[in-house]
Amino acid sequence: MRHFSSLILALILAAAVIPGCFGGGSDGGTPVSDSSALSNLAVSDGVTLSPAFSGTVLSYTASVPKTMTNCDVTAYAGHTSQTIEINGSSSDSGEAVSVAVADGETAVKIKVTSGSGTWQI
């Protein structure tokens, strides 16, 4: 019998906000664009991301074999001006970040911010 641990991946997308632009009015709450979406998300070979990556999905799980103590998580920016953080550490687009896998569930937080540095969740 094969046993697995789980990675829980949560995406926090931060889009640029400009008050009064594109119908945003004075409240400034309307994103100008979807410039914080990732173009892809990948994990180590032998690990399956579920559901399959989609730019509209913000939460994933991955089953990791118990023999695996680390899992690479790679986020790909949808735009060159975006910044990416994986578990609070800056990451370049396409750069694999090794995440230690604990027995049971391990949470991974991925934050993507548009190039303007202004964002909302």
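Student: How many aromatic pairs does the count come to in this structure?

Tutor: In this predicted model, the count comes to 1 aromatic pair. Phe-53 and Tyr-60 form this pair, with 6.3 Å from centre to centre and 15° between the planes. The pair is classed as stacked because planes under 30 degrees apart fall into that class.

Student: Is Phe-53 buried or exposed, or partly exposed?

Tutor: Phe-53 has a relative accessibility of 24%, so it counts as partly exposed. Tyr-60, by contrast, is buried, with a relative accessible area of 1%.

Student: Which residues of the largest nonpolar core touch the most other members?

Tutor: In soluble globular proteins, nonpolar side chains tend to be buried together. Here the largest nonpolar core holds 19 residues, and those touching the most other members are Leu-41, Ala-75, Ile-84, Ile-86 and Ile-110. At least two core residues come from each of the strands β2 (38-43), β4 (59-65), β5 (70-77), β6 (83-86) and β9 (105-113). The strand β5 gives the most, with 4 residues.

Student: What is the order of the strands in the open sheet?

Tutor: Strands of a sheet pair through backbone hydrogen bonds, and the pairing is either parallel or antiparallel. In this case the open sheet has 3 strands in the order β2-β5-β8, paired antiparallel. Its edge strands, β2 and β8 (96-100), each pair on one side only. On average, neighbouring strands of this sheet are turned by 25° against each other, direction ignored.

Student: How many bridges join β2 to β5?

Tutor: These antiparallel strands, β2 and β5, are joined by 5 bridges. Val-43 stands opposite Val-73, a residue in β5.

Note on methods:
Residues are numbered from 1 along each chain as its sequence is written. This is a predicted model: local features need pLDDT of at least 70, side-chain atom pairs count only at pLDDT 80 or more; totals for chains, interfaces and linings use all residues. Side-chain values use heavy atoms; hydrogens and water are left out. A nonpolar core is a set of buried Ala, Val, Leu, Ile, Met, Phe, Trp, Tyr and Cys residues joined through side-chain atoms within 4.5 Å. Buried means under 20% relative accessible area, exposed over 50%, partly exposed in between (1.4 Å probe, protein chains only). Two strands pair if DSSP finds at least two bridges between them. Axes are lines fitted to C-alpha atoms, for helices over the stretch in contact, and angles run from 0 to 180 degrees between N-to-C directions. Rings of Phe, Tyr and Trp (its six-membered ring) pair if their centres lie within 6.5 Å; planes under 30 degrees apart count as stacked, over 60 as edge-to-face and the rest as tilted.
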